Amino acid sequence: MRLTVNGGEREVESAPLTPLLHVLREELGITSPKAGCQQGGCGACTVLVGGVAQRACLLPVAALDGADITTLEGLGSPEALSPVQASFHENYAAQCGFCTSGMVLAAHAYLEGGGTPDRPSIQHALAGHVCRCTGYVKIIDAVAAAAGGEASSNQRWLPRTGEESPVEIPGAPA
Amino acid sequence: MKAVGARLPRYDGVAHVTGRTTFVDDVRIPGTLWTKALRSPAHHADIKGLDVSKAAGMKGVRAVITWEDVPLLEYGHLSALGIPADEPLLAKDDVRYKGQPIALVAADDEETAQAAVEAIQLDLEEKPALFDVRKAFDSDAPKIHQWGNWYPHFEGEMDRRQIRKGSIGEAFEQADAIVQGVYRPAAIEHVPLETQVCQVVPEADGRLTIYSCTQALYFSMGVVAAHLQVPLNRLKFVGGTVGGGFGGKVDTATETMCSLLALKSGKPVKWRWTREEEFLCSSTRAPWHMEIADAVTKDGWILGRKMLTLHDSGAYGRFSPYGLTKHSFHHTGAYTIPHLEFDGYCVFTNRVPTTAMRGFGVTSVSFAVETHMSRIAKELGLDPFEIRLKNANRIGDTSPNGVVYTDPSTVPTILAVADELGHELPADYRTMSSELRTGELLPEHLVGQLGTPEAH
């Protein structure tokens, strides 16, 4: 069986009914999709299948021969964040980070489908994605900012009031 | 001080949003075995037979452990503080909650491990179970713990956390009214998105590398070392990346058992709980039963409080005595009450053992106290903000356990809430501060409790 994963062709040898999540994590070593519940209930394993956000824990790999899969590793790199990734970072939408992979991919699919900053629409798009840290507000802020074109590279980091130059922090985007 | 007032990136933000953060489940060690547990199907039972020989002989099974494999079977989570141990790492003679681990299997893959668990022969004789803390004191209640149905080892071998302050009898004699309430917040599961997980690698030099999702790394290290009866320098803990904890990853849930499996099999071992296990077997925030009776005056002063707390500890002690102690110190909340009679019990039930969760022991009593404050206001026909401001902790007031407040924040907090809600207050309330009590804010009943802030 063959899959295109993050732009690369991959041969897959797992048994036909193996969930895509297991194939990605255990056979291909791609770990951003998380095994949060393995029952389709939490959204942490979300990947894009042909651009559509799907739960990898519920998809038997046999149904995906030839499919185009994107995981969070394929969206943007640490050096070049995608707009949604940048917005999540800038709006502190990732706390423990465990739900973040699924959240970012679902938000990406929402924006690719013409999503707007309308908060009820964002809530609808992220329904079924569980986060226990943030209370969702910052996640919705992040998606709204990205949808409104406000996500940027490194423009949200501010020095304390009265200082002239931005603070240099190790690990911060240049 | 560059960071104060600045808007800074999270140090782990880029790794999170690009999927590069390595959680415990993401650590890749070739040849790692998978673990599954045989857990008690009963809430309360005696173990009459346990035979793992068939499971141990199955193809692909590399290690099976039971209580016999644990060098030190009982080590309490608070043993380091001198609180005695009561819980076996793996059940030996009896099981006291549904989901309690009895035996573990490490095998080449998850399916084999599960099949081996199902091949273990377990013979249980079920016993009546206790779930209601209020019934634990009845003479015919099921006996569920070697210490009795409630924790008996507070200082001086007292069977309760007790606070006595002032003269409660006097307060109730002088009261214009007695306001009573019962408050019963339920158990809450933490539901971290990352279930309990750990990975243990036996190294060539005899040490164990333990990848742990613990919230309390050095604490867990002590617990594992004690059960294994090895010095701390045999254990290398790798932690710091927690996929949500909220208090639920303070208990050492997996590390010790995985270490034993790694030592027995000689191979790296991983144990990742299913979501079902997380709901069924992981510790929760405790359910609490709280009864409050306050002696109050008709103008809204609280002279005295009698309080009874039953803290549902679940089947074993773990951190509950500590949680109840915090609870007792906070049983007047953000308010000053001079005459107190508090009795709190850690009650054992056949629930999963309970543990820390955000504000361990205190959120429950805060819920009760704040609800009770509004109840007092309602019964007396007074404004709920004014009664709070009047009784609010101020500089020089003393807490139930005798701490003198030097920087209390009750007054400004309540004023800020009133502002946000647009709640009108009379001028003498609007201008209140946390300063030392004087004049009308120092009625006779509060004089005796005043302390000296400078001394603290």
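**View 1. A valine pair across two strands.** Here A:Val49 sits opposite A:Val52, a residue of S4(A). This is a predicted model. The two strands in this view are S3 (residues 46-49) of chain A and S4(A), which run antiparallel to each other and are joined by four bridges. In general, strands in a sheet pair through backbone hydrogen bonds, in either a parallel or an antiparallel way.

**View 2. The whole sheet, strand by strand.** Zoom out and you get an open, five-stranded sheet in chain A, ordered S2-S1-S5-S3-S4, with mixed pairing. Strand S2 (8-11) and strand S4 (52-55) of chain A are the edge strands; each has a single partner strand, so one side of each has no neighbour in the sheet. Going from one strand to the next, the twist averages 40°.

**View 3. A helix lying on the sheet.** Helix H3 (residues 100-112) of chain A packs on the sheet, where it touches S3 and S4 of chain A. The direction of H3 makes about 35° with that of S3(A).

**View 4. Where the two domains meet.** Chain A is assigned a domain 1 (2-74) and a domain 2 (83-147). Taken over C-alpha atoms, the centres of these two domains of chain A are 20 Å apart. At the contact, 15 residues of domain 1 of chain A meet twelve residues of domain 2 of chain A.

Methods
Residues numbered from 1 in each chain as written. Chains lettered and ligands numbered in written order. Predicted model: local features only at pLDDT ≥ 70, side-chain atom pairs only at ≥ 80, totals over all residues. Pairing = 2+ DSSP bridges. Axes fitted to C-alpha atoms, helices over the stretch in contact; angles between N-to-C directions. Contact = placed C-beta atoms within 7 Å. Domains from an automatic or database assignment.
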